[in-house]
Amino acid sequence: MLLLRETTAEEALRAAARDHAGLVRDSHTGVVEPATLGRKFTATVEAALGSGLYVHDTLVAVAEKARQTAPETVVTDLLPQLPFLPKQSLSAGGHKAFTRGLSEFLHYYESSGTTGNPVAAPKALDDLVVNTINIGEQWARILDRADRALILINAPFAPAAYQFEKVLEYLQVLSLRPWVDNITGDYTRVLRLTRELGVNVFVGPPSRLLEMVQFAYRNDEPVPAFDKLLLMAEQTGPGFVRHLERLTGATAYVAAYGSSETGTTAVTCEEGNLHLQTQSYVLELDDDTGTRFVDGTPDRGELVVTTLDMGARPLLRYRTGDLVEIPGTPCPCGVATPLLRTLGRSQDLIALEGNGIRQNDFEAALWPEEHTGPTVLNYMLVIRGRAVVCLATTDVTVDDSWTRATADRVAPLFGGYELVLRPVEKLPPLASLGQYLGWKLSRVLDLNDARNWDRLPDPIRGVVETTLADIDATPGQ
């Protein structure tokens, strides 16, 4: 998986990989002892003493107690005594999170900046190995040696593309990782390689896949067909998954959930369910009623993450801002770790005065189970005042009657608002649009904040300006 010249480091790496692979397999069967996780938690607290992110006196007191507390109970006894780590603190803290010198990391990355300022997220040898095995042991249930995978992630400073490349190496699956220029958006070479190499697995965000499909339609290229879609980095609900499967003929999986900061906290199985990686994280849920540990029983709230395998950059009670649900049901795949369903980020509610619409609900209306005729490939919602403009790309040229009928189908979700659907030839790559819109989620741009106008590149901005002017000129139409 990794070749290291230094013999001692190489031997330590192999021993750590064997031990962690065994722990993952034990976790999948539900036999991990609380003491094992307790010892990892204590080591994490000790490592965090070298971080500048935390209230020093509080952390020192907890570390002292941890040394004297039984490993079976140390997590439940002491973790609640630590304060939360807000996203803003990590974003502002940057390199304060490090407990080792920069030369002790292998690769330097930063988060994408979609939910605030980019956060330093370098990869150390130990957390790279752990994260690779966590993902690989789950993906091994889906992939095999005959598969050929396209990793299509245009994010040079984020670790995702490299991390998934290492996972595929771990599984000995052929992969290619091309780059597509965000200005030209030319997928000619990617489409050619996909055909010539017989690529049958797509790894990346749905928006990048949709842009590639749109390019194929627009340039009379064959639409790429896959067997498996391993999707991540965007909110991808049932309607969206169904849409992608129709387009490509593949089975789609929301393949991984996490962030550059935390690593991968949940990974899919062959049943399409996300399993929490409880061997590497202590997870809590927080809402107005309080904070509690994720214990596998049904629950929902904001996910709070404590890392157990990131000694070089430990996170204690990190508030992710992600709304999640724990269904509390066993998975048919047999993996015993709790399931997780993502509900979006706390800011991912399409917030309208007197109304709130989940992205999943809108997509279920846009891409219904029974569908004939032209298809919306991708969309973006733009909000200003009481007007909502849905920009949409389509697989074929559409007329006004189709546009009106589609708008009428989704308009009931936007009670009290004027919804207009505008077909466009191309949407900008969402990953280029900055925080709150793009690499993570969502597809909503609020123009009530005048600064967001700058995130609409030409000619999209012109379409929006003209549409809003038409709405202003004909109120109620």
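**Close-up 1. Gln138, a buried residue of helix H6.** In this predicted model, Gln138 is buried, with a relative accessible area of 0%, where buried means under 20% relative accessible area, exposed over 50% and partly exposed in between, for a 1.4 Å probe and protein chains only. Gln138 lies in helix H6, helices (H or I, at least four residues) and strands (E, at least two) being DSSP runs numbered from the N terminus. Leaving aside neighbours within four places in sequence, Gln138 is in contact (heavy atoms within 4.5 Å) with His28, Val267, Thr268, Cys269, His275, Gln277 and Val335. The side chain of Gln138 also reaches the backbone oxygen of Thr268 at 3.0 Å. This is a predicted model, in which local features need pLDDT of at least 70 and side-chain atom pairs count only at pLDDT 80 or more, while totals for chains, interfaces and linings use all residues. Residues are numbered from 1 along each chain as its sequence is written, and side-chain values use heavy atoms, with hydrogens and water left out.

**Close-up 2. Glu261, in the loop between strands S8 and S9.** The loop that holds Glu261 runs between strand S8 (256-259) and strand S9 (263-268). Glu261 is buried, with a relative accessible area of 7%. The side chains of Glu261 and Tyr318 are joined by a polar contact of 3.2 Å, a term for a pair of N or O atoms within 3.5 Å; within protein, one must be able to donate a hydrogen and the other to accept it, and residues adjacent in sequence count only if both atoms are side-chain atoms. Apart from neighbours within four places in sequence, the residues in contact with Glu261 include Lys87, Ser111, Met310 and Arg313.

**Close-up 3. Helix H1 (residues 7-29) and its ends.** Because the expected span of a helix is 1.5 Å times one less than its number of residues, the 23 residues of H1 should span 33 Å, and the end C-alpha atoms, 34 Å apart, agree with this. The buried residues of H1, among them Leu13, Ala17 and Val24, pack against H2, helix H6 (125-139) and helix H7 (160-170). At the N-terminal end, Glu6 caps H1, with a side-chain oxygen 3.1 Å from the backbone nitrogen of Thr8. Just after H1, Gly30 takes a positive phi of about 80°.
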